[in-house]
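Please look over the sequence and the structure first.

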Amino acid sequence: MSTQALKRQTQHSHPSSVDPSVDAALLDLLTGPAKPSAKAFARRDAALDPLLLAAAAASGPQVTRNHYHHDFFPGVMLPQAEGAWDWTKWTGENNGSSPSRLTYVSKQGPRRQRLDPDTGEENGLARSKPTDATLKTTKKRRPSLISPTSTSSSELKIRPKADHLSEVANHAGTVPPLEVKCMARTRIPTPHGPVFLHLYHNNRDNKEHLAIVVDSEQLSDHHTDPLAPPIRSRSLDAIWPDETEMDRIIRGAYVGRLSPSSQQPSIPVVDAKPTDMSGVHAPPPLIRIHSECFTGETVGSMRCDCGEQLDEAIRQISLPITIPTPSSPTSSRTIPGRGAVIYLRQEGRGIGLLSKIRAYNLQDLGHDTVTANLMLGHKADERGYEIAIAILRDLGLGDDSMGVRVLTNNPDKVAALEKDGLTVAERVPMVPRSWQNRRLAQGHNSVEEERLVGATMIGGSAVYGDDLDKYLRTKVLRMGHMLPLWLEDADVVGQ
Ligand SMILES: Nc1nc2c(ncn2[C@@H]2O[C@H](COP(=O)(O)OP(=O)(O)OP(=O)(O)O)[C@@H](O)[C@H]2O)c(=O)[nH]1
């Protein structure tokens, strides 16, 4: 009601006949806070200089409570909330009971809880105390994501193994066991051949992690090769409640090559273990756990080799495999390459794109990639691999005696896989293409000749440059990456 209307109503009505809500509205109007002037909100952000950042880092990892503790999107910070991690189940905070507005979610306790009872000052400890409402939400258990109608629930539930379970037990009641679910899969043609893109949801974070599965044999309608069982997602092929055949087809639970004339729904994977391959020397599938890098993969940044690595991984996994025939050692046969890239949304080694952009500016000021992260209050590497491991298990990769071959220089990745019980048959190093080619490049007239258009995109060529060299050197010298350093005027050591 407008001020004028309120005035009219209060002047012309007898007090006893006035609607009480009008009184309340008038009271609000008269006693509400004055409109803030523009001056009250003068800019408070100082220049981000290294000294300031170092001071901020020394005072604690929380950036500012304005940035860190507030969240206007319910569920994003509350993975335990019903459907928060699976948008097909998202019913809002009230579980669909009312179509209410999105509530303002704060991870801070109310101010009265943060106040020191003696001094009335804000109390740092109490600040992190969760509200009753938050506690209630955290305790709520989300029902299992795998349909109870699935054929074999033990095969379909992808649960972490021993070590991780004890970790989970430590958080009993707050963190449910990790589960992943492949929501959809589709065929993507790439310069290296066809791949199947799998999109996963999980109950740990709200990110859509991906698996890029290379297994072109699956394009044939009758894929029965015992040497190379199809790499299929258990959770995708499970029967979901109330779904039609067309629902299954649309979410990618089909076999063969989908076309207007071929629409064959898949059946749930019965045997989680690959077919016995004793006596046959087919190499274990080649896999890579890759972390998202918007700058390297999309913008084509030459500060890092991430785009090139993604391309190289898909290329190497797609290479044909020669398998000797057991009956006749002199003869062999060739099958298409097979394996997977697990693409984790852990931008900037887990610190996010915003912090990575700031870290790049610190690097331009002369700090290396590790120091820049530390100055921003982050760890050198904040990634975790448990979701990747659960996805690998869902795809039936690495959980058998054959194991997987892993494309990486990062010892943390190998350790994470082994710690969780997966078998790493071999680590395959990822040597930067520019280092592989440098001897050839020495014959070039200028560095510019190496900078090919779209160099870091899928199907591109080598990344090259001082920024990249500095980054790679830091990874080897400060992060323990298992990559023989290129030495000036010498061959790559060990190559
Ligand atoms: N914070 C930060 N992250 C970076 C930087 N450059 C690349 N990244 C991120 O690093 C991740 C890739 O990690 P790398 O350290 O290059 O390689 P890795 O995955 O640990 O190891 P490999 O398996 O051997 O490739 C991606 O998420 C990139 O976004 C940087 O300068 N700072």
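The text below treats confidence, the nonpolar cores and the ligand shell in turn.

This is a predicted model, in which local features need pLDDT of at least 70 and side-chain atom pairs count only at pLDDT 80 or more, while totals for chains, interfaces and linings use all residues. Residues are numbered from 1 along each chain as its sequence is written.

The protein averages a pLDDT (the predictor's confidence in each residue, from 0 to 100) of 74, and 59% of the residues score at least 70. The table lists two stretches and their contacts beyond near neighbours in sequence; two residues are in contact if their C-beta atoms, placed from the backbone, lie within 7 Å.

| Stretch | pLDDT | Contacts |
|---|---|---|
| Residues 12–16 | below 50 | 1 contact |
| Residues 62–84 | below 50 | 49 contacts |

Where pLDDT is low, the predicted coordinates should not be read in detail.

A nonpolar core is a set of buried Ala, Val, Leu, Ile, Met, Phe, Trp, Tyr and Cys residues joined through C-beta atoms within 7 Å; buried means that 20 or more other C-beta atoms lie within 10 Å of a residue's own. The largest core has 53 residues, and Ala340, Ile342 and Ile391 have the most contacts inside it. Helix 16 (residues 386–394) gives this core its largest share, 6 residues. A second, separate core of 5 residues includes Leu362 and Met375.

Around the ligand stand 23 residues, of which Ser291, Cys293, Thr408, Asn409 and Asn410 come nearest; a residue is near if its C-beta atom, placed from the backbone, lies within 6 Å.

Definitions and conventions: A residue is buried if 20 or more other C-beta atoms lie within 10 Å of its own, exposed if 12 or fewer, and partly exposed in between; C-beta atoms are placed from the backbone. Helices (H or I, at least four residues) and strands (E, at least two) are DSSP runs, numbered from the N terminus.
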